[in-house]
Amino acid sequence: MKDHTIGNPLSWGAQEAAAVGRQIGSIATHIGHDIDDLAHPVVRRITVHDLRDVLRKGVEDFGACRTDVIALCLFYPIIGVLLAWIALDRNLVPLLFPVIAGFALLGPVAGVGLYEMSRMREKGEEPSWGHAFAVVKHPSFAAIAALGLLLGGVFVVWMLCAHGIYYATLGPEPPASFGGFFRDVFTTGAGWVMIIVGCAVGFFFAALVLASSVVSFPLLLDRDVGVPVAVITSLRVAAANPLPIAVWGVIVTAGLVIGSVPLFLGLIVVLPVLGHATWHLYRRTVVVEPQMEPRAE
């Protein structure tokens, strides 16, 4: 097994950045597996009660890796506060909620390092935050990056839709003030139209991302299957378990909302627990066939 000991942070960061560059440079050769030539994982049916065990294991992983995970996840509340501070400019206030809500669309990408830590702990090893960053050397990292870019594209489309909804209801002029905007949202017919339409469109984007990524990133970490098989497997899991996956989506949403108060500090705990639990959800719902190529150590 490779030594992931971290020496000087600057030299280590430079080495990891170089590794990322090499992986991204070969992205075209990693995402194009022929779907017909690959064995598809077997999808299991689960119940809502299984989610309790999944969350319990997520909490156990967080407890075992608490110090490293907190160090890994400290930047999430920082990003949240920064986004809120930027959006407090009156021209961007209408996008404050869409930005915070859309941040959840990128959650599966942010959890990749946590999935790796759970994978290592499952094997009886002692993971650290350095191992979480070592996923850049994974043979499927280019596919993981490509799928992450796709989710980034979904985020951009969501922001464009949110801006369009504001423009068609309370716009096109920016709000006169922060308080005036919230007063218009909750006390005018146009404001309630914006809320209803925005929530409906946001639900569509959230459901799309949930179904296509609920197990795709953990599967790519576990097996070099390529983006198409990973996404199709995730969709199959959602189709086979509509109620449990819907409940899982509610759990994730509620956790992110609770973790955002106050000042997003709760995300330091909520995100790691959900990230580790996602790995165990993958293990509970997907059976990987022996002939499928395992990740290289």
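Modeller: Helix 5 (residues 96-103) packs against helix 9 (residues 141-169) at an angle of about 155 degrees, and their axes are 10 Å apart. Helix 5 is therefore roughly antiparallel to helix 9, a term for angles over 145 degrees. Axes are lines fitted to C-alpha atoms over the stretch in contact, with angles from 0 to 180 degrees between N-to-C directions; helices are DSSP runs (H or I) of at least four residues, numbered from the N terminus. This is a predicted model, in which local features need pLDDT of at least 70 and side-chain atom pairs count only at pLDDT 80 or more, while totals for chains, interfaces and linings use all residues. Residues are numbered from 1 along each chain as its sequence is written, and side-chain values use heavy atoms, leaving out hydrogens and water.

Helix 5 contributes Pro-98, Val-99, Gly-102 and Phe-103 to the contact (heavy atoms within 4.5 Å), and helix 9 contributes Phe-155, Trp-158, Met-159 and Ala-162. Of these contact residues, 7 are nonpolar, 1 is polar and none is charged; Gly counts as polar, whereas Ala, Val, Met, Phe, Trp and Pro count as nonpolar, and Asp, Glu, Lys and Arg as charged.

Trp-158 also belongs to a cluster linked by ring pairs with Phe-204 and Phe-205. The structure holds 6 aromatic pairs (ring centres within 6.5 Å). In one of them, Tyr-166 and Phe-181 have ring centres 6.2 Å apart and planes at 55 degrees, so the pair is tilted, being neither stacked (under 30 degrees) nor edge-to-face (over 60). Because Tyr-166 lies in helix 9 and Phe-181 in helix 10 (residues 178-187), the pair ties together parts 15 residues apart in sequence. Both Tyr-166 and Phe-181 are buried, with under 20% relative accessible area (1.4 Å probe, protein chains only).

How values were computed
Helix = DSSP H or I, 4+ residues; strand = E, 2+ residues; numbered from the N terminus. Parallel < 35°, antiparallel > 145°, perpendicular 65-115°, else oblique. Buried < 20%, exposed > 50% of the residue type's maximum accessible area, 1.4 Å probe, protein only.
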